Amino acid sequence: MRIVGMQKLTLLDYPGRTAATLFTPGCNYRCPFCHNGELVALSEPLALASEPGLALSTEDVLAFLRKRQGLLDGVCISGGEPLLQPDLARFCEELRVLGYAVKIDTNGSQPQHLRELLDASLVDYVAMDVKNAPARYAETTGLPDAHLEEIRSSIALLAERAPAFELRTTVVRELHTQQDLCALSQWLARQMASAPRGAHHKPVPWYIQNFKDSDTVLTGKGSLHPWQEDDLRTVLPLLQEAMPSARLRGVA
């Protein structure tokens, strides 16, 4: 299990829990607005080897979490794309032994690995990014192909098997129009309506969050821009027509 960063305390990343957040290297997407752009290129072991001191020892991370038992009650594993990590299931088992609830942040492109975690009851909460309307999914992920079937499969798996999950979309002025978001809301509504229903008897939250510029954005600071918050408030009721569970996150 490769870990390249740790936030020792977060009250935001894991809803309802006091948690630590771990960051894994590498991602199969190249989203222009990625705020962890420095992690995207670290997809191969050689990339880490060329950055002395970057990787954290799994044992050191577990030792820290042992000391925080009783003070923290959750661990959020983010990235990058954590489901690309071959030892993720084993690491989650170790977190379980320590008594931690486990949250995974994912782009939804790895349904086979997601299924393994869910079938083994190794994850308690999943936050899945849905990037854009189908017509602009490839552009928004920076890939030549959209691979929407993987996204559909992951949504269906979460609806059927996840103890709890959320969907979330980061909006960028250059990549998301009102029409795009409305098309995405309708697409998501169709996926949720057709997905098998497991333990979920209430609408799954879909969070709309605004892009935040920073020095670590993949395409460089200043290359992309957030929406005006008033525009987000205006579009929200339109999205709720198809997805009543749509909510704004980080917008007053």
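Mentor: Angles under 35 degrees count as roughly parallel, over 145 as roughly antiparallel, 65 to 115 as roughly perpendicular and the rest as oblique. Axes are lines fitted to C-alpha atoms, for helices over the stretch in contact, and angles run from 0 to 180 degrees between N-to-C directions. Helices (H or I, at least four residues) and strands (E, at least two) are DSSP runs, numbered from the N terminus. Before we apply this, note that this is a predicted model, where local features need pLDDT of at least 70, side-chain atom pairs count only at pLDDT 80 or more, and totals for chains, interfaces and linings use all residues. Residues are numbered from 1 along each chain as its sequence is written, and side-chain values use heavy atoms, with hydrogens and water left out.

Trainee: Why are α8 and α9 called roughly parallel to each other?
Mentor: The axes of α8 (residues 178-194) and α9 (residues 229-242) cross at roughly 25° and come within 8 Å. The cut-off is under 35 degrees, and the two helices are therefore roughly parallel.

Trainee: Which residues make α8 meet α9?
Mentor: Contact means heavy atoms within 4.5 Å. From α8 come Gln178, Leu181, Cys182, Ser185, Gln186 and Ala189, which meet Val235, Leu238, Leu239 and Ala242 in α9. By class, that contact has seven nonpolar, three polar and no charged residues. Here Ala, Val, Leu, Ile, Met, Phe, Trp, Tyr, Cys and Pro count as nonpolar, Asp, Glu, Lys and Arg as charged, and the others, Gly among them, as polar.

Trainee: What is the span of α8 set against?
Mentor: The expected span is 1.5 Å times one less than the number of residues. With 17 residues, α8 reaches 25 Å from its first C-alpha to its last, close to the expected 24 Å.

Trainee: Why is Met6 called partly exposed, rather than buried or exposed?
Mentor: Buried means under 20% relative accessible area, exposed over 50%, partly exposed in between (1.4 Å probe, protein chains only). Met6 has 27%, so the label is partly exposed. Met6 is found in strand β1 (residues 5-10), and its contacts beyond four places in sequence include Leu56, Val61 and Phe64.
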